[in-house]
Amino acid sequence: LLLFGRAVSNVFDGVTEIGEGPDVMVLQRVPHRSRAGYLTLMEHFGNCRVGERLKDPVHPVWVVCSESHYTVLFAKREGAAGA
């Protein structure tokens, strides 16, 4: 809710399908590039995949998730992430 203004259950870009035929389950994606980003240590461990829409937000602000807490990182100037 915080990043998109609506609930999103996944953090990847695109659509992922699990299963085949009539039993296929479609997992929806991040709808658009967010104003603030999201990074997680769980991606390093292979537990999830964060899409580019969350890694490259409109503003240089990221919510970072570790095993036990969340942190907010930010840069004072726009474009700092790509520098």
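Q: How many salt bridges does the count come to by the rule applied here?

A: The count comes to two salt bridges, where a salt bridge is a side-chain nitrogen of Lys or Arg within 4 Å of a carboxyl oxygen of Asp or Glu. The model is predicted: local features need pLDDT of at least 70, side-chain atom pairs count only at pLDDT 80 or more, and totals for chains, interfaces and linings use all residues. Residues are numbered from 1 along each chain as its sequence is written, and side-chain values use heavy atoms, with hydrogens and water left out.

Q: What makes the contact of Arg 33 and Asp 56 a salt bridge?

A: The side chains of Arg 33 and Asp 56 meet at 3.9 Å, N to O. The limit is 4 Å, therefore the pair counts as a salt bridge. Arg 33 lies in the loop between strand S2 (25–27) and S3, and Asp 56 in the loop between helix H2 (52–55) and S4, so the pair links distant parts of the chain, 23 residues apart. Helices (H or I, at least four residues) and strands (E, at least two) are DSSP runs, numbered from the N terminus.

Q: Why are Arg 33 and Asp 56 called partly exposed?

A: Buried means under 20% relative accessible area, exposed over 50%, and partly exposed in between (1.4 Å probe, protein chains only). Arg 33 has a relative accessible area of 44%, and Asp 56 has 42%. Both values lie between the two cut-offs, and therefore both residues are partly exposed.

Q: What makes the contact of Glu 43 and Lys 55 a salt bridge?

A: The side chains of Glu 43 and Lys 55 meet at 3.2 Å, N to O, which is within the limit of 4 Å. Glu 43 belongs to helix H1 (residues 41–44) and Lys 55 to helix H2, so the pair ties together parts that are 12 residues apart in sequence. Glu 43 is partly exposed at 25% relative accessible area, and Lys 55 is partly exposed at 29%. As a general point, side chains of opposite charge can pair when their charged atoms come close.

Q: How do you know that Ser 66 is buried?

A: Ser 66 has a relative accessible area of 17%. This value is under the 20% cut-off, so Ser 66 counts as buried. Ser 66 lies in the loop between S4 and S5. Leaving aside residues up to four places away in sequence, Ser 66 touches Leu 41 and Met 42, where contact means heavy atoms within 4.5 Å.

Q: Why is Ser 9 called exposed?

A: Ser 9 has a relative accessible area of 69%. That is over 50%, so Ser 9 counts as exposed. Ser 9 is placed in the segment before strand S1 (16–18).

Q: What makes S3 and S4 a pair of strands?

A: Strand S3 (residues 37–40) and S4 run parallel and are joined by four bridges. The requirement is at least two, so S3 and S4 pair. In this arrangement, Gly 37 stands opposite Trp 62 in S4.

Q: Why is strand S5 described as hardly covered?

A: Strand S5 (residues 70–74) has five residues, and the count of buried residues among them is zero. None of them is therefore under the 20% cut-off.

Q: What does the protein chain look like as a whole, from the N terminus on?

A: The protein chain has two helices and five strands, and its elements run β-β-β-α-α-β-β. The C-alpha trace spans about 50 × 25 × 25 Å along its principal axes. Of the 83 residues, 22% count as buried.
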